[in-house]
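Hi,

Here is the structure I promised to pass on.

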Amino acid sequence: MLYREAGDYKTSYVADSQTFPIKFDRYGYYFILGFAFLVMPLIINDYWANAIVVPFLIYTIAALGLNILIGYCGQLSLGTGGFMAVGAYASYKLMTGFPDFNIIFVIITAGLITAAVGVLFGLPSLRIKGFYLAVATLAAQFFLIWLFTRTGWFYNYSPTGMISAPTRTVLGYPVTGPRASAVSMYLICLCFLVACAWLARNLTRGTMGRQWMAIRDMDIAAEIIGVNPLMAKLSAFAVSSFFVGIAGALLFTVYLGAAEAGEAFGIDKSFLVLFMVIIGGLGSIFGAFAGAFFLIVGPVLLKLLLVDSLGWPTDLAAHLEIMIVGALILVFLILEPHGIAALWRTIKQKLRLWPFPY
Amino acid sequence: MNEQGEAMRDTDANEGYVTADGRKIGGVAMEMKNITLRFGGVVAIKDISFDIRWGEVRAIIGPNGAGKSSMLNVISGFYNPQEGEIIYKGYRRPRMRPYQVARTGIARTFQNIALFEGMSVLDNIMTGRLHHMKANMFQQAIWWGKASREEQENREAVEKIIDFLEIQHIRKTPVARLPYGLKKRVELARALAAEPSILLLDEPMAGMNVEEKEDMCRFILDVNDEFNTTTVLIEHDMGVVMDLSDRVVVMDYGKKIGDGTPDEVRNNEEVIKAYLGVAHD
């Protein structure tokens, strides 16, 4: 009854093309934003921040980035882990090289550097498509990790081969390093996520997004209509890598604090983010949120249920958790191949008519 | 110019003529000079020359495999001919990529629909207006000033075309859900959205029923009337071709076997032979 367009007339094209055309959605969105910025900082504690919220926020940024590349532009990439490593190592070099440089600019610059690297590894996409491109980006993944573990300059020749983030502050509050509080870690990740989601939404609703989708749906027709395939594909790689680089930089500086390329940014990270994008829904901003939620929060909730509520031994629960999450992925993909976002759309469609479906 | 305008057709290349129903046809928009297109050993187009005049409906007909679609692909820059040249708007056109050709004001539809299936009708048509949108990536990313202003202006232009082609009710529908006839119409809308100088239609009526064909004919004539768009048309339905077009090029086995008004072509010996299937020697 509440959830519908009837009576909510649009009188301009601006109003017609806004992000949340239904009033109920719009207020829901304001509510969530308000809750995230005003209420969450008061109730968040170390456990929740470290186990659930911060990784969720960071992986959502990565999923947003990969979704632009795969979901919007149709270019399959398995190099996400490698690009996250570029963001992490770029931020490390910037932090240690320029100690006075504000951490926010460090992270943004790390994103820009990753964007440049992404464009470089996106060049093969002009010639190859689909699975073959996936293999080419897989090469990027292995090459980048190899580069970061073998070249001393990247980890400042530290004997362990690890990189660790020194303490940096924003407005006087430490956000990286061991002294960072849960609230400040949470808030900086949240700010980056909201900014990235807003940028992603803007880019995908306009000409840029339409060019990407045109390339995805039918590249030959797109070219004949006037889409420059070179520009469209490389810009998708650049924007996608920018987001992924920011996620990598945040993951290292804010969340992990110390990292080693092969371990923190291995091929499993590439697949994790890829699964988020596929389960969440290709070509949907909401899908990135849903996919990251499913794969980050899902296992933690399962563990809470099995270990803390049912009292099962931890090792058994850990194995079961992997199996259950795997099974859930399968069930999801069979029931709704287009991901949680499509499921969400169907629910909204039904809600619009409820309770009088005729 | 007199009433028997057709008689004046061959006078001067830049003067044009007046059709029997009183439309003024301008000078030469595009001239194909001795175009030859080969795929390895196969010669798809053999030394073909013809011209397209501003404002006319020009048809290319011929039996299957005659090279009609290849000809259209040459015009839209998808194939580059090995020999010959294209004079467009008075200048010799250099080798171009298809997206560059599109920017010179040539839009087309495809024989088997090439819409972007994952996008809504509105987005598909908006994609046609790419060249009218100049905001760069950063302006788009923050959606301020130029980007959002352009989006509105172009949306208005697109809505006009949506009204014109009577597809208001499906604006927000994903293209994948539309029936065939409507898809063809959306494809025409996407091509029109570019406001092309020359519109290329590759079998716009293939696989349609009589009613849909009539609609499509009406739209093609209306487009030609209203926007004065020069149209090049490939079509197998002879009734449609003879009714719609001002001049017709007939191709067979990659060669031009006839060129002229529908009446002239209809009485052309070689054309009759090609269509009745007389053995080639």
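Let me start with A:Ala139, which sits in helix α6 (residues 130-150) of chain A. Helices here are DSSP runs of H or I with at least four residues, strands are runs of E with at least two, and both are numbered from the N terminus. A:Ala139 has 14 C-beta neighbours inside 10 Å, so it counts as partly exposed. The cut-offs: a residue is buried with 20 or more other C-beta atoms within 10 Å of its own, exposed with 12 or fewer, and partly exposed in between, the C-beta atoms being placed from the backbone. A:Leu274 is 135 residues away from A:Ala139 along the chain, and their C-alpha atoms are 16 Å apart.

Before the rest, some housekeeping. This is a predicted model, in which local features need pLDDT of at least 70, side-chain atom pairs count only at pLDDT 80 or more, and totals for chains, interfaces and linings use all residues. Residues are numbered from 1 along each chain as its sequence is written, while chains are lettered from A and ligands numbered from 1 in the order in which they are written.

Now to a covered helix in chain A. How many residues of helix α8 (residues 207-217) of chain A are buried? The count is 11 of 11, so call α8(A) mostly covered. The buried residues include A:Arg210, A:Arg216 and A:Asp217 as well as A:Trp212 and A:Met213.

The axes of α8(A) and α10(A) come within 10 Å and cross at roughly 105°. Axes are lines fitted to C-alpha atoms, for helices over the stretch in contact, and angles run from 0 to 180 degrees between N-to-C directions. The two helices are therefore roughly perpendicular to each other; angles of 65 to 115 degrees get that label, under 35 is roughly parallel, over 145 roughly antiparallel, and the rest oblique. On the α8(A) side, A:Met208, A:Gln211, A:Trp212 and A:Ile215 meet A:Pro229, A:Ala232, A:Lys233, A:Ser235 and A:Ala236 in α10(A). Contact means that the C-beta atoms of two residues, placed from the backbone, lie within 7 Å. By class, this contact has six nonpolar, two polar and one charged residues (Ala, Val, Leu, Ile, Met, Phe, Trp, Tyr, Cys and Pro are nonpolar, Asp, Glu, Lys and Arg charged, and the others, Gly among them, polar).

A:Asp219 belongs to helix α9 of chain A. A:Asp219 is partly exposed, with 16 other C-beta atoms within 10 Å. Its C-alpha atom is 7.6 Å from that of A:Pro229, 10 residues away along the chain.

Further along, helix α13 (residues 285-309) and helix α14 (residues 314-335) of chain A pack at about 140°, their axes 10 Å apart. That makes α13(A) oblique to α14(A). Residues of α13(A) such as A:Leu302 and A:Leu306 are part of a contact that includes A:Leu320 and A:Ile324 of α14(A).

Next, the chain-chain contact: 31 residues of chain B touch 24 residues of chain A. On the chain B side, α2 (98-103), α3 (121-127), α4 (137-142) and α5 (146-164) each give two or more residues. α5(B) gives the most, with five. That side has 17 nonpolar, seven polar and seven charged residues.

As for chain B itself, there are 10 helices and 12 strands. Its C-alpha trace spans about 65 × 45 × 40 Å along its principal axes, and buried residues make up 43% of its 281 residues.

Most residues other than glycine have a negative phi. A:Leu171, not a glycine, has a positive phi of about 55°. A:Leu171 lies in the loop between β2 (169-170) and β3 (173-174) of chain A and is exposed, with 6 other C-beta atoms within 10 Å. B:Asp47 also has a positive phi, near 50°; its place is strand β4 (residues 42-53) of chain B, and with 14 C-beta neighbours inside 10 Å it counts as partly exposed.

Cheers
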